[in-house]
Every structure is written in structure tokens, then in C-alpha cells.
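Subject: Structure handover

Hello,

The structure is below, with the sequence. My notes on it follow directly after.

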2 protein chains.
Amino acid sequence: MDPARIAEQYRREVREEIRLLDRSPKVILFLTTDNADSKTYAQYTRHACEDVGIDYELRRVTRLELEEAILSANQDDSIHGIFNYWPVFNNEQDAYLRNQVDYRKDIEGLCLYWTRKLYDNDRSAGDNKKAILPCTPLAVLKLLTEAGVYRTDIERPIEGKKICIFNRSEIVGRPLAMMLSNDGATVYSIDINGPLKFVDAKPSETEISRSEALSSADIVITGVPSPDFESIGSAEIKADAICLNFSSIANFKEDVDSPGRIFIPRVGPVTVAMCMRNSLRLFKNFHYG
Amino acid sequence: MDPARIAEQYRREVREEIRLLDRSPKVILFLTTDNADSKTYAQYTRHACEDVGIDYELRRVTRLELEEAILSANQDDSIHGIFNYWPVFNNEQDAYLRNQVDYRKDIEGLCLYWTRKLYDNDRSAGDNKKAILPCTPLAVLKLLTEAGVYRTDIERPIEGKKICIFNRSEIVGRPLAMMLSNDGATVYSIDINGPLKFVDAKPSETEISRSEALSSADIVITGVPSPDFESIGSAEIKADAICLNFSSIANFKEDVDSPGRIFIPRVGPVTVAMCMRNSLRLFKNFHYG
């Protein structure tokens, strides 16, 4: 499956909606590091903004200037959305910084206000305003929709599916496990601290092994940015498993991509499209909510 | 210097103030793990509550029950303060959990509401209510006051002093660096990610080496919970340096404790006293603010 093609569908929707507005949303993108992934991501976001008609400023600040820059952008009425490229400090200070962004301008949907909404499965931000979901978990749902396994025409879109997610970060893996289990899946969430099982957005302890979790999974999702991770091979998973990797490095062996399986090697383009979608939603919440 | 004796002074103040109240504050202490340090700390907190006259419930919950237990305690009008023993998950989820505590019940003073106040040097929480400062950084200030180097009778209590802090965690080292530099000190904050310099609560990049930072420091503060840390010896520091360790393990060599120096090997008893003080402050903010 080609994520770029699916991203284009969502970008087109955003582009057409923005064309009908009487003014353009404006976002500010803060780049603090020379990290190659962040710089590439910044290029993609810039191009996407140009493509859909979102005004943007890509501003270079030092890591020590970032907090004040965020607080200042929070106060600036001409800015509708704020976006940061991570990591900045690459430690717990990054979570602090994420929460300095005013939730009404939080394109990434990663501040605690939106996390609370997500965990409570509350899709509204009051007064006809819609909640913001974090870009990468949302992109995964869109790709699973495209794969035909996440059905938006039923109340529990992914009822009965078993899903194994390798990553339980606060910014992707844990919200994703909550969303998918809330939508009907049984999710095994595995990281270096061990496995947890999520059912109906409730985590419970489990002793399940990697091989047990993998062999029973209808969908396997990976996001482990470490070369030490033992990449997942075809023999470990179902012949018709849907495999999706959102890590910047390959977490599946090449033999996984075989007839009978849907293999989604990357999520990035759809994540960027979701950033555009969230930017538009923040703008609409602000002006028309 | 004996931290237990200094702790007793602060406990006495709290005890006498509580005796004059028409009812007792009530706090809830959530213990989730079998971590030995947490269990010891729980015992100390329990005894301190009994000593000063704070009603408490020490409740055992599993790590997966903790979030709901916190949210429920937030809603419970009979509870004035909430306290957690860390680590729980020992990853970034702990920062998430810390922020689930309603700031009006946050004994530890570690949720983002109080962190914002601290970084803005805003001592008020409105309507005659006083801000809550995090217990361990506050305990360090009290010990430095006792050591005669933090002078509460002048506007900039620690003007002109050079301080070296080994630890820049979000819960102790960084707030402590902000507080001390805000009060007039030049602070070199060092951790595994390198050094930063804090002046007037503003961090800046620096290339200073460990030996340079140590040899010029009037006060050396350590909080490195790793046996890999090369403990600090007498030859590295000033003959009249004040040395304070808040880590659970020794970060100074024994030869540091020599005539001419004030050596404070632990902070724990004063931290617990500050928890009692914060509990009383939350109670007063709630009932008499």
C-alpha cells in the first residue's frame, strides 16, 4: 500500500476546504535541532502547507529559546497552530515543552488537554468544536481504514480484531492502543518494560510472550526506533496479517511483504496530511467553533 | 548537619498550626510498587502525618489502577492532598500520572500548574492563596538556609554564589536550578546530556567541564541515582564548599566531610517535612484562601 497516495486524498480534502475559506490558517513550525529526521520532516511539512494552502512560518530557534517562542506564539492571534519537531532535549523536558503549547493551537494533539479527551473517548471540545487527535495514531487509523480492516460504517470499527503494537510511548503507542481497543480490538502493547493488554480502553497486566502475541495478531504495528529490536519475520505472524511500521527504521524483515498480507512500511506522508487536517480543525474551532 | 533535627523544626511549626485548626487536613498516599525506597518513604510519610496531626490514608493500588484512583481522589471533597511514591511505571507515563493530580491537591507541587508558577517566580495562587513548591527543591533551600548561605533577610537570598548541581530532572534538578538562579546564584547544572548555566532563571549553553564547575563552586549539590557516577572527592572542590546530596546513594567520597566544609549527606527527612507543610498549605488554600 502506498501511503503517499492515501495522504494525497486527505490533502485534497483539506485543500478544497481551505479554498472555500475567506482567509487562510497560519501555523508556525519550530525547528530546534540539526537532527536529519527532523529536517526532512520539516521539509515535508513545509511542502504540505504550500500544497493545501496553509500559511506557515518555519522558524529556527535554539532549544533554550523554544519555550519562550512557544509561549509567545500562544499569545499571537495571527497564529492558529504550533508544531514542533522532536526530539528537542531528548529527555523528559520534551514532555514539559509539549505541554507549553496552548491546546487550542496544538496541531500535534499531544498536550494533556487532548490526551485527556482521547483517553475519555470524548470527541468534542465543546460548542461544536471537535477534539484534536494526535497525528501519527490518527494516520494509522486512516491507513487501517484504507486496508479495509477499520470500518467507519459500524459502531465498533475494529471489533474482534487482535492487534499487537510494539511501542507504548506517550505520543504514539499508548494513545493508539487506547483508540484501537476503544474501537473494539484486543490490543497487546509491548515495549521494553513488558507487555500490557488493552480491552475497551482498559489496560491490564499480561504475561503474553512476543511469539504468542505475534502469532495470534490480525494486525501487527511496529514503532521501535532502535537497531537492537529483533525485526519481525514472516514465520512469526499470520499469513494474512496486516503489517504496519511507523518507526523511522525497518522493524519487519523483507519476507513479511508477501501475497496475502498487506504491508505498510511507513506512515509519514499520512502523518503529515493529518497535521494539515488538524491545523484546519484548530482554525475552524477558533473562528467558527 | 543533621537533617532530622531541621526537619523536626518544620514539623513542629506545622503541628502547632494544625492544633489551632477546627479540623484536620486529610491526605491520601498512593503506594503502587514494592520498591524498597518507596516503601521506606511511605513509612516516613505515615509517621510524619501522625506526628503533625494530618489524617492520612495509605492506599495500596496497582500501577494500572493508579490513574482512576487519582481522578477519584480529585473529586473527593474529604481529601485535601494527594501524594504518590515514584517511580510507578518508571518511564514517561509517570509524568503523565503526575499531571492527573488536581493542582489544588498536589502535595508534591510537581504538576504543570505549579511548575509554571515556579518558573515564572510567581509565589501566589490568587485570592491570598500561596503557591506550592516541589518538596525536595524546597527542602534543599531550607537546608541551605540552615547552613547560613541562603539568607531570607535579603532580597536576593543567595546573590553571588556559584552552585554546581548534578541532576537536571524535571522534578528536582531543573526546578532547583531555576529557583537558586532566580535568587541570585550562578548555577551550573550538569547531567548526562551535558552542562547548562542558569543565571536569573535563564538557562544558557556552556562548555564548562566537570572539574571547572566543581573547583569554582561555593555549593555542590548532587542527586545522581546511578552507581556509575564518579563520586566527588575532596580534591575536586573548595576547602569551604557546602556539599549536599539528595540522591538515595552517596555521590560524594567520604573525604569531602572535613573541617571547614558543611556536608549534608541526605535531604529525606526535610523533604518529608516539606510534604507536611505543603499539605497544610493546600488545606489552608482550600478552606481559608
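Asp127(A) counts as exposed because it has 7 C-beta neighbours inside 10 Å. The cut-offs, with C-beta atoms placed from the backbone, are these: a residue is buried if 20 or more other C-beta atoms lie within 10 Å of its own, exposed if 12 or fewer, and partly exposed in between. Asp127(A) sits in the loop between helix 5 (112-119) and helix 6 of chain A. Its phi is near 50 degrees, a positive value in a residue other than glycine. Helices (H or I, at least four residues) and strands (E, at least two) are DSSP runs, numbered from the N terminus.

This is a predicted model, in which local features need pLDDT of at least 70 and side-chain atom pairs count only at pLDDT 80 or more, while totals for chains, interfaces and linings use all residues. Residues are numbered from 1 along each chain as its sequence is written, and chains are lettered from A and ligands numbered from 1 in the order in which they are written.

Other loop residues

Asn167(B) also has a positive phi, about 150 degrees, although it is not a glycine. It lies in the loop between strand 4 (162-166) and helix 7 (173-182) of chain B. Is Asn167(B) buried or exposed? It counts as buried, because 23 C-beta neighbours lie inside 10 Å.

Pro227(A) is in the loop between strand 8 (219-222) and strand 9 (242-245) of chain A. With 8 C-beta neighbours inside 10 Å, Pro227(A) counts as exposed. Its C-alpha atom is separated by 7.7 Å from that of Ile249(A), 22 residues apart along the chain.

Ile79(A) is placed in the loop between helix 3 (66-75) and strand 3 (81-84) of chain A. It has 18 C-beta neighbours inside 10 Å and therefore counts as partly exposed. Not counting residues up to four places away in sequence, Ile79(A) touches Lys26(A), Ile28(A), Ala73(A) and Lys105(A). Two residues are in contact if their C-beta atoms, placed from the backbone, lie within 7 Å. The C-alpha atoms of Ile79(A) and Ala125(A), 46 residues apart along the chain, are separated by 19 Å.

Cis peptide bonds

In chain A, the bond that joins Trp86(A) and Pro87(A) is cis, with omega about 0 degrees. Pro87(A) belongs to the loop between strand 3 and helix 4 of chain A. In chain B, the peptide bond from Trp86(B) to Pro87(B) is cis, with omega near 0 degrees. Pro87(B) is found in the loop between strand 3 (81-84) and helix 4 (93-98) of chain B.

Helix packing

Helix 6 (residues 135-146) of chain A packs with helix 7 (residues 173-182) of chain A at an angle of about 40 degrees, their axes 9 Å apart. Axes are lines fitted to C-alpha atoms, for helices over the stretch in contact, and angles run from 0 to 180 degrees between N-to-C directions. These two helices of chain A are therefore oblique to each other. Angles under 35 degrees count as roughly parallel, over 145 as roughly antiparallel, 65 to 115 as roughly perpendicular and the rest as oblique. Pro137(A), Val140(A) and Leu141(A) in helix 6 of chain A meet Pro175(A), Leu176(A) and Met179(A) in helix 7 of chain A. By class, this contact has six nonpolar, no polar and no charged residues. Here Ala, Val, Leu, Ile, Met, Phe, Trp, Tyr, Cys and Pro count as nonpolar, Asp, Glu, Lys and Arg as charged, and the others, Gly among them, as polar.

In chain B, the axes of helix 1 (residues 3-19) and helix 6 (residues 135-146) come within 11 Å and cross at roughly 105 degrees. Helix 1 and helix 6 of chain B are therefore roughly perpendicular to each other. Pro3(B), Ile6(B) and Tyr10(B) of helix 1 make the contact with Lys142(B), Leu143(B) and Glu146(B) of helix 6. Four of these residues are nonpolar, none polar and two charged.

The two chains

Chain A and chain B each give 14 residues to the contact. On the side of chain A that touches chain B, helix 4 (93-98) and strand 7 (202-205) are the elements that give two or more residues. That side divides into six nonpolar, five polar and three charged residues.

Regards
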